[in-house]
Amino acid sequence: AAELEKRRAAFLERIGREHPRFRQLLSPGLQPLDRLRKDLPPGMALLEYFVGEEETYYWVVRQDGVSSGTLGLTRDRLQQLLQDASFNLYSPKKVDFYGDYLKNQRWAGIKTRALNRLYMALMKPLERDLRGCGRLVVVPDGKLHYLPFEMLVDRITPAGDVRFLLESYEISYRPYAGSAFLSSPGSSHPAPLQNVLLIGDPTFSRQQEQQNDGRTVPISHLP
């Protein structure tokens with residue numbers, strides 16, 4: 001393990017010398033709070049969570065101020081809420097005219113009330129701090145990395161109609177607050193990344209391609 005850590009450190013040092021901009025992407029380091037606030041445009045908020053064993057903490061950073069607090073949420077309680085809200089996007093028993101699996105909130109098993117309970121636990125206490133913001137940068141922690149915040153339900157009408165958080169905010173994610181904005185030295189505005197192409201092409205096993213009813217769904221690979 002010590003040898004691997006040594007090789008890793010040497011590799012990162014080499015990256016820092018040959019590709020400093022890419023090294024900054026990997027580990028931008030600690031950012032002063034004033035710098036984060038200055039880089040945030042009006043109407044955008046940075047929301048960071050820390051999930052402790054007995055309490056969940058949050059920080060809301062905006063250009064015009066900073067707020068923080070606790071949610072009264074233990075790690076075990078949060079995990080239970082996340083499990084209650086889990087869903088299967090593809091419903092194996094509902095297909096459309098062409099035989100394709102339906103993907104919608106009525107038949108995909110999306111548990112809107114459980115997602116509303118998650119909203120009440122994670123976002124409701126922050127509504128006042130987020131007032132006036134239309135863009136949200138989320139820095140999750142622990143199991144929250146697996147939660148698509150866009151799917152949180154902030155309203156359910158008596159008729160059963162729901163409103164997802166995506167309808168209220170433009171949401172993006174960062175691994176930690178220091179990576180939220182990578183501004184050029186001496187600049188007060190984020191420096192846009194250029195010439196970046198990101199491609200995901202996972203390899204699925206035959207077992208993963210098999211659906212619950214035994215039907216095989218072909219998955220074509222990217223060229």
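Mentor: Let's start with Met44, whose bridge partner in E4 is Arg135. That pair belongs to a parallel pairing of E1 and E4 over five bridges; two strands count as paired if DSSP finds at least two bridges between them, and strands are DSSP runs (E, at least two residues), numbered from the N terminus. Before going on, please note that this is a predicted model, in which local features need pLDDT of at least 70, side-chain atom pairs count only at pLDDT 80 or more, and totals for chains, interfaces and linings use all residues. Residues are numbered from 1 along each chain as its sequence is written, and side-chain values use heavy atoms, with hydrogens and water left out.

Arg135 also stands opposite Glu170 in E7, where E4 and E7 pair in the parallel sense over four bridges. Strand E4 (residues 135-139) is mostly covered, with four of its five residues buried (under 20% relative accessible area, with exposed over 50% and partly exposed in between, using a 1.4 Å probe and protein chains only).

Now back to E1 (residues 44-51), which pairs with E2 (residues 56-62) in the antiparallel sense over seven bridges. Here Leu47 stands opposite Val60 in E2.

Put together, the five strands form an open sheet with mixed pairing, in the order E3-E2-E1-E4-E7. Its edge strands are E3 (65-70) and E7 (170-173), each pairing on one side only. Strands of a sheet pair through backbone hydrogen bonds, either parallel or antiparallel.
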